[in-house]
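Please read this report alongside the structure, which is a predicted model.

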Amino acid sequence: AGARSDKARALRAALCCNVAAVALALPDFHKAKAAAERALAAEAGSAKGLYRLGAAEMGLDAFDAADKALAGALALLPNDPSVTAAIKEVALSRAYKYLGVGQDGKFALHPSSYDPLFASDNPLIAAHAKVLAAVHSGSLPNNPETGEPPKEFVEAEAALNDAIEPPPLQAIYTGLFGGLPDVAPDARLPDGTGGGPGMAIAEFALKHVPLADAPQDAVADAAYLVPPGHRWPKNNGFLRLLPILRFSRVILPQPGDIAVYTTGYVVERDKLGFVRGQAALMAAVVHVDPFPPDNQPVPEGGLSVLVHSKPAKEASCGYRHPLRVVPPHLFSVPGGGPFVYFYRRSPQPNP
């Protein structure tokens with residue numbers, strides 16, 4: 001009887017593990033967690049049950065619980081690559097959550113980016129802000145058959161552009177963005193200058209990086225979102241130039257990196273397998289809070305990443321702002337996004 005009972009518990013644990021695996025694939029992390037817990041109730045030493053529970057807790061952002069479950073799985077399966085990979089994924093997930101950046105580079109505009117727009121005295125600006133927020137959240141997607149923007153977006157932008165005399169809408173939005181409490185207008189470049197009107201967006205970001213040893217013709221082309229002439233494709237032209245300047249993709253930022261914000265309207269798959277969109281804004285990473293030691297709490301509000309950017313070529317100055325707070329007008333193109341990627345320049349190669 002005891003042997004049959006043990007077999008029944010093992011079978012129940014295996015079935016619950018299978019249910020958890022299906023739930024993880026959906027993904028439905030709550031259902032996966034419940035199924036994994038049932039598996040462990042039937043068989044406390046179930047390595048698969050601990051692994052599935054760890055994966056579910058990670059999906060729910062319960063990182064301490066995920067670490068505990070995966071540590072138990074690792075003790076039972078010390079050489080299992082899936083378990084060791086999941087443990088590393090938890091560590092990265094902690095970092096991405098602190099930075100406000102998703103594992104594929106995707107992040108959401110911080111709600112405060114829209115505050116000045118909603119508070120505007122012009123009802124058309126407030127209406128346009130509402131449509132922008134819907135576009136960015138994905139609740140107003142492109143037409144799946146034609147790829148055309150949603151009609152609400154087209155109508156709101158047309159009404160606003162028809163009603164507003166110069167300065168253009170972009171200048172109005174930039175001014176509203178500069179009034180946010182955590183945005184510092186007129187932040188100086190490393191050389192002490194301000195990067196006034198006429199300095200391109202990409203050129204402003206590259207001013208933070210030593211490029212004296214780089215091919216100067218490539219530096220000149222990289223100073224533009226869409227490099228002049230026909231040497232570089234229009235879409236992602238700046239991104240295609242970065243490898244020539246010895247920049248490469250990195251996951252977690254540090255001061256001195258370049259942050260490239262993109263939209264999802266024009267997309268391609270990069271060498272790391274991530275889908276990225278057309279470059280829309282470049283910024284220089286100027287501050288990253290150090291991660292706290294193990295088992296120490298994260299500061300309230302998470303960790304801070306500050307960047308230095310110039311939202312428009314016509315802007316009179318640069319802005320220092322949190323990574324997640326960017327001028328919302330930069331992402332008025334529907335299609336999924338915004339996204340952010342980090343690039344770091346490698347030291348000069350040995351001769």
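Strand S7, which spans residues 305-309, runs antiparallel to strand S8, and the two are joined by four bridges. Within this pairing, Leu306 has Pro322 in S8 as its bridge partner. Strand S8 also pairs with strand S1, residues 184-187, again in the antiparallel sense and over three bridges, and here the partner of Ala187 is Gly318 in S8. The two pairings of S8 can be set out as follows.

| Strand paired with S8 | Sense | Bridges | A bridge partner pair |
|---|---|---|---|
| S7 (residues 305-309) | antiparallel | four | Leu306 and Pro322 |
| S1 (residues 184-187) | antiparallel | three | Ala187 and Gly318 |

Is strand S8 mostly covered or mostly uncovered? Strand S8, made up of residues 318-322, is mostly covered, since four of its five residues are buried.

Elsewhere in the chain numbering, helix H3 (residues 47-59) packs with helix H4 (residues 63-76), their axes lying 8 Å apart at an angle of about 155°. Angles over 145 degrees count as roughly antiparallel, and H3 and H4 are therefore roughly antiparallel to each other. The crossing in which H3 passes H4 is left-handed.

On the H3 side, the residues that meet H4 are Ala47, Leu50, Tyr51, Leu53, Gly54, Glu57 and Met58, while H4 contributes Phe63, Ala65, Ala66, Ala69, Leu70, Gly72, Ala73 and Leu76. Sorted by class, this contact of H3 with H4 holds 12 nonpolar residues, together with two polar and one charged.

Terms used:
Residues numbered from 1 in each chain as written. Predicted model: local features only at pLDDT ≥ 70, side-chain atom pairs only at ≥ 80, totals over all residues. Heavy atoms only, no water. Buried < 20%, exposed > 50% of the residue type's maximum accessible area, 1.4 Å probe, protein only. Pairing = 2+ DSSP bridges. Axes fitted to C-alpha atoms, helices over the stretch in contact; angles between N-to-C directions. Parallel < 35°, antiparallel > 145°, perpendicular 65-115°, else oblique. Left-handed = near helix turned anticlockwise from the far one by under 90°. Contact = heavy atoms within 4.5 Å. Nonpolar A, V, L, I, M, F, W, Y, C, P; charged D, E, K, R; others polar.
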